[in-house]
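Biologist: I am new to reading models of this kind, and I would like to learn how to look at one feature at a time. Could you take me through it slowly, with the general idea before each case?

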Amino acid sequence: MAYRLSSMKQLLLVVAIAVLVLLLVSRYSSDPYIPSDGSTVRPYWFNTSSRNCSGVSKWVVTTSVAITPSEAVHVILNLTKDWCVLVLGKVAGLKYDFSWTKGTTHLIYLPPEALLLLPYKLATLTSLNVKNIGYLYAIANGARVVLDLEDGIVPIRVNHTYLPLQADKRVFPCPNLEEKEVTGHITESPSYVDELPLYARSSHVVNLLKYHLMSFDTFEEALLGVYELMYKSRTLSKDDVTLVKHWISDLKLVGYEFPKLPKKATLWTKNVHLCIMFNWGSTEYRTRQLLSYYMRFFDAITLFLEGRRVSHNYIPSHIQVFHVKTGNGFYQQRCLAKCINQTAPNTVSHLYIADDMFINITKMSQLSLLKIWFIPVSVLTFGNGSKINDWYWWGYFHGGQTQYNRFVALINGLPQEWKQVLIDKVGFPNRIHGNAVADIVHIPNAYAVEVSRVLNYINSVTELFCEIAVPLAVDIAQPIGREEMEDGNLWEWQRTDPDVVQNVLETRFYLHPLKTSTKFGADMWRNSMTNQLRLLA
């Protein structure tokens, strides 16, 4: 008796599990033709030919407010049997006329009440998501390709290719139009008024996407992140964010395979040693600000700080710090020589910059790490004892001599091997770089030893401004194949013009100077840093 009771319990358990499975299948199946009440009566929208759509890889999804098919549906069904047509009704209770479908084997019609039987989160929301629900249904039933056919579209055959033509008067305005201008374009389509922010601020949206998409590892994370970003920028509503969350969840439910994002390339900065030279001292705030930006990209950093040795406990221990006379123009090339003599694992080059400079890291990715980056100011004809250009500092007296006279004496006394390089490769005496921007220079390891050797020689025999010493060292160490960057230095009258500053920040490799001691400079630095971080995160 006990045995029989145990067997009965097992049987009841099996039956209970079977019933539960059937209930789950009826609720969560992608096929709404299975009645949830277990009856054998098919709903009015059921069409026996729809069974043939199972496993079809190409689907057409369209909507309808009529009981008869549109011309577009007729054309598609008569065109090929390789496509399954899914018609989504927009009017509840409207019985679709299947009488014309005799011989048609690939048609499904789903009214609003059928969509509610589907296990998708989107099905519980507004009717504006009807198309998305159709995509989900198609994907769940084997779709690999989905053609979205809008109301009012008529396919036109062109060289055996069918192209949809839009029948309504919707107009897509050009970017950068003001909202009042855009409104006039779509007055004949009032249902699109909610989309005004997307059109009126299209350039803003493009910038948001440009700076954001590289921040995520997966496509679905990027999709949600973009919507959240546009919500925060008041381009989309909170409901839009909710919709895309449900959309992602439902796509996962039907087994959709999201595209793979391109693998992030290793950022060029990871193999570059960064040296920052602080002009006229530094503050803790300024140093922290710079490090908060550069430490995200550069693993090896060296700081050259002006003044006596003081405590810098706030600077991470892996960052090298040298206390030197950085405000002395005769001393800065010594800092450069010190910079390129530093070694670090996996370092391939050295980037030397001033602290009041903002570098465009994204744009610099265009430059080769195997070349010297250089900003020449003047190419000179050397010779006859006259001043070789109008640069103010050529006439600067120091130790009884002008910079020009020191330069002439230096050239005349150069080792013959270096003179020969200038003659053969640079074009000396008819051509030589006289002065250049010395606040930024990039030296690959392959040329570091020679550049350092020339700079040390210059420092041992005379005192030249770094703007003269650096281009001479570059001419000797790498006379050809340099990356000559466009000058990003601003004249004093340009430094407070927002349009000029913003243009240089966006189009040049660097901007100098950008003083954060003023509110204007601090704001421009912060905004530029934020944009770079968004793009490079």
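Modeller: Let us begin with a pair of helices, helix 17 and helix 18, which are roughly parallel to each other, and keep in mind throughout that the model is predicted. In general, two packed helices are described by the angle between their axes and the distance between the axes. In this case the axes of helix 17 (residues 498-507) and helix 18 cross at roughly 30 degrees and come within 12 Å; because angles under 35 degrees count as roughly parallel, the pair receives that description. The crossing in which helix 17 passes helix 18 is right-handed.

Biologist: Which residues of helix 17 and helix 18 make the contact?

Modeller: On the side of helix 17 they are Pro-498, Val-501, Gln-502 and Leu-505, and on the side of helix 18 they are Phe-520, Met-524 and Ser-528. The general idea is that an α-helix has 3.6 residues a turn, so residues three or four places apart point the same way. Sorted by kind, the residues of this contact of helix 17 with helix 18 come to five nonpolar, two polar and no charged.

Biologist: At what angle do helix 10 and helix 18 pack?

Modeller: Helix 10 (residues 284-294) and helix 18 (residues 519-536) pack at about 20 degrees, and their axes lie 10 Å apart, so these two helices are also described as roughly parallel to each other. Here, however, helix 10 passes helix 18 in a left-handed crossing. Helix 10 contributes Arg-286, Gln-289, Leu-290, Ser-292, Tyr-293 and Tyr-294 to the contact, while helix 18 contributes Trp-525, Met-529, Gln-532 and Leu-533. In this contact of helix 10 with helix 18, six residues are nonpolar, three are polar and one is charged.

Biologist: Which residues of helix 10 are buried, and what covers the buried residues of helix 10?

Modeller: The buried residues of helix 10 are Arg-286, Thr-287, Gln-289, Leu-290, Leu-291, Tyr-293 and Tyr-294. Their cover includes strand 7 (272-277), strand 8 (300-306), strand 10 (349-354) and strand 11, together with helix 12 (361-364) and helix 18.

Biologist: How many aromatic pairs does the structure hold, and how should I read one of them?

Modeller: There are 20 aromatic pairs in the structure, and each is read from the distance between the ring centres and the angle between the ring planes. For Tyr-293 and Phe-358 the centres are 5.4 Å apart and the planes are at 20 degrees, so the pair is stacked. This pair links distant parts of the chain, since Tyr-293 is in helix 10 and Phe-358 is in strand 11 (residues 358-359), 65 residues apart. Tyr-293 has 0% relative accessibility and therefore counts as buried, and Phe-358, at 2%, counts as buried as well.

Biologist: What are the ring distance and plane angle for Phe-358 and Trp-525?

Modeller: The ring centres of Phe-358 and Trp-525 are 4.8 Å apart and the planes are at 85 degrees, so this pair is edge-to-face. Because Phe-358 lies in strand 11 and Trp-525 in helix 18, the pair ties together parts that are 167 residues apart in sequence. Both Phe-358 and Trp-525 are buried. One aromatic cluster is formed by Trp-268, Tyr-293, Tyr-294, Phe-297, Phe-298, Phe-358, Trp-373 and Trp-525.

Biologist: Are helix 14 and helix 16 roughly parallel or roughly perpendicular to each other?

Modeller: Helix 14 (residues 416-426) and helix 16 (residues 466-477) pack at about 75 degrees with their axes 8 Å apart, and they are therefore roughly perpendicular to each other. Trp-418, Val-421, Leu-422 and Val-426 of helix 14 meet Leu-472, Asp-475 and Ile-476 of helix 16, and the residues of this contact divide into six nonpolar, no polar and one charged.

Definitions and conventions. Residues are numbered from 1 along each chain as its sequence is written. This is a predicted model: local features need pLDDT of at least 70, side-chain atom pairs count only at pLDDT 80 or more; totals for chains, interfaces and linings use all residues. Side-chain values use heavy atoms; hydrogens and water are left out. Axes are lines fitted to C-alpha atoms, for helices over the stretch in contact, and angles run from 0 to 180 degrees between N-to-C directions. Helices (H or I, at least four residues) and strands (E, at least two) are DSSP runs, numbered from the N terminus. Angles under 35 degrees count as roughly parallel, over 145 as roughly antiparallel, 65 to 115 as roughly perpendicular and the rest as oblique. A crossing is left-handed if the near helix is turned anticlockwise from the far one by less than a right angle, and right-handed if clockwise. Contact means heavy atoms within 4.5 Å. Ala, Val, Leu, Ile, Met, Phe, Trp, Tyr, Cys and Pro count as nonpolar, Asp, Glu, Lys and Arg as charged, and the others, Gly among them, as polar. Rings of Phe, Tyr and Trp (its six-membered ring) pair if their centres lie within 6.5 Å; planes under 30 degrees apart count as stacked, over 60 as edge-to-face and the rest as tilted. Buried means under 20% relative accessible area, exposed over 50%, partly exposed in between (1.4 Å probe, protein chains only).
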